Amino acid sequence: MTAKPTALPARPHFSSGPCAKRPGWSPHNLAIDSLGRSHRSKLGKARLKHAIDLTRKLLGIPDTHRIGIVPASDTGAYELAMWTMLGARPVTAIAWESFGEGWVTDAAKQLKLNPTIITAPYGELPDLAAVDFSTDVLFTANGTTSGVRVPNYDWVPADREGLTFADATSAVFAQDVDWDKVDVLTYSWQKVLGGEGGHGMLILGPRAVERLESYTPAWPLPKIFRLVSKGKLTEGIFVGETINTPSMLAVEDYIDALEWADGLGGLDALKARANANAAALDAWVQSRPWVEHLAKDAASRSNTSVCLVLPGLAEEQVKAIVSLLEKEKAAYDIGAYRDAPAGLRIWCGATVDTADVTALTHWLDWAHAEVTAA
């Protein structure tokens, strides 16, 4: 009989989005002078630009790339990019989990672009060598619902003809990005840094800007998707003049997370924290015969959204483990994504403490014993 643990994780927040707030977070830490002010005031625009400037510093984004804050989280940012830039040349959509499959649906059924579709089952990475880079290429840098990431960007040629569109919402601030290989990159605040939802980040390389200024899509664009005026990029969007009204409270929360990350030592420190969390969980997985990684290849296994399967258990038993841990306040929101194979999905990003991951593993042992003994 496995004894019930006595120590709970200090922060049992292992959701893969919205993710755990940073250690030490409190609403009292947030600057509030911008609240109740116009986002177009001198103060409002300065705070938005501060968020953009900190993002550039932490992610090492070159000066050649624009950074904009846009509506509707990562989905809004990615669809904005698709709707404004696709259609100029053929499209290849790569999918190995649910969000990548969503971009396939957008390209095929909504924009009706007849894309070439390259897929792989959950837990596997597609054949990236099969990608035709004379086309525009859509992909997820880290498959949030499968735990599979691209191990690097070596598969993207420097002399590509098409644009690359990377949905990196659960990759940035935890994994490296080769900015020379990415023309469009998007993410949301509520993922790796644990910010609040509702806002997306759109990062454009020079080739994406060239596309925007030289190509007009055949379909109409809603106001919140318009990045060009009179054939030129609306530069104000990339210095804090947002397309629509942002939540300044969410902006201040994002700035708080960025300043925390900067104080830790920047991107290297964030990656080290995520790697330590994933390593602690992996060490436990390797020592237990009843649990496995959904992503079998360690080279392409995520260090943020770690997905696990329990081969000997029925789906109802896996759900019982998830429910039991939530009832005990040992882990919140660790069930697999609804479209993924039954299992566990445990967030290991930088805002999670390794001690909490270790504490969680003891509770997983106990919950597994309880459910299988029932």
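Reader: Let us start with K271. Is K271 buried or exposed in this structure?

Author: In this predicted model, K271 counts as buried because its relative accessible area is 15%, and the cut-off for buried is under 20%.

Reader: Which residue does K271 form a salt bridge with, and how far apart are the closest N and O atoms?

Author: The partner is D268, and the closest N and O atoms are 3.7 Å apart. That falls within the 4 Å limit applied to salt bridges.

Reader: How many salt bridges does a search of the whole structure find?

Author: The search finds 21 salt bridges. In general terms, side chains of opposite charge can pair when their charged atoms come close.

Reader: What does D353 pair with?

Author: The side chain of D353 meets that of R11 in a salt bridge, at 3.3 Å from N to O.

Reader: Which residues are linked with them in a network?

Author: The network of salt bridges links R11, R273 and D353.

Reader: What about R211? Which side chain does it meet?

Author: R211 meets D136 in a salt bridge, with an N to O distance of 2.8 Å. Distant parts of the chain are again linked: R211 sits in helix α4 and D136 in strand β4 (residues 136-140), 75 residues apart.

Reader: Why do R211 and D136 count as they do for burial?

Author: R211 is buried because its relative accessible area is 9%. D136 also counts as buried, because its relative accessibility is 0%.

Reader: How does the second largest pocket look in terms of volume and lining?

Author: About 200 Å³ of space lies there. The lining comprises 16 residues, with R149, V150, P151, Q175 and D176 nearest the centre. Eight of the lining residues are nonpolar, four are polar and four are charged.

Reader: How many cavities of 30 Å³ or more are there?

Author: The count comes to three. The largest cavity has a volume of about 40 Å³, and its lining includes F173, Y187, W189, K191 and Y254. That lining has seven nonpolar, two polar and one charged residues.

Reader: Now the backbone. Which peptide bond is cis?

Author: The bond from G17 to P18 is cis, with omega near -5°. P18 is placed in the segment before α1.

Reader: What is the phi of S73, and where is this residue?

Author: Phi of S73 is about 65°, a positive value although S73 is not a glycine. S73 is in helix α2, residues 73-85, and counts as buried because its relative accessibility is 14%.

Reader: What about phi of K112?

Author: K112, a residue other than glycine, has a positive phi near 55°. K112 is found in the loop between α3 (98-110) and β3 (116-119), and is exposed because its relative accessible area is 63%.

Reader: Last topic, the surface. Which residues form a nonpolar patch?

Author: The patch consists of I32, L35 and L249, with about 260 Å² of accessible area together. L35 lies in the segment before α1 (42-59). L35 has 34% relative accessibility, so it counts as partly exposed.

How values were computed
Residues numbered from 1 in each chain as written. Predicted model: local features only at pLDDT ≥ 70, side-chain atom pairs only at ≥ 80, totals over all residues. Heavy atoms only, no water. Patch = residues over 30% accessible without salt bridge, like charges linked within 9 Å, V, L, I, M, F, W, Y side chains within 5 Å. Areas by Shrake-Rupley, 256 points an atom, 1.4 Å probe, with all protein chains shown as cover. Helix = DSSP H or I, 4+ residues; strand = E, 2+ residues; numbered from the N terminus. Buried < 20%, exposed > 50% of the residue type's maximum accessible area, 1.4 Å probe, protein only. 1 Å grid on protein atoms, 1.4 Å probe; cavity = no way out; pocket = protein on both sides within 12 Å on 5 of 7 lines; lining within 4 Å. Points joined across faces, edges and corners; volume = space filled by probe spheres on them. Nonpolar A, V, L, I, M, F, W, Y, C, P; charged D, E, K, R; others polar.
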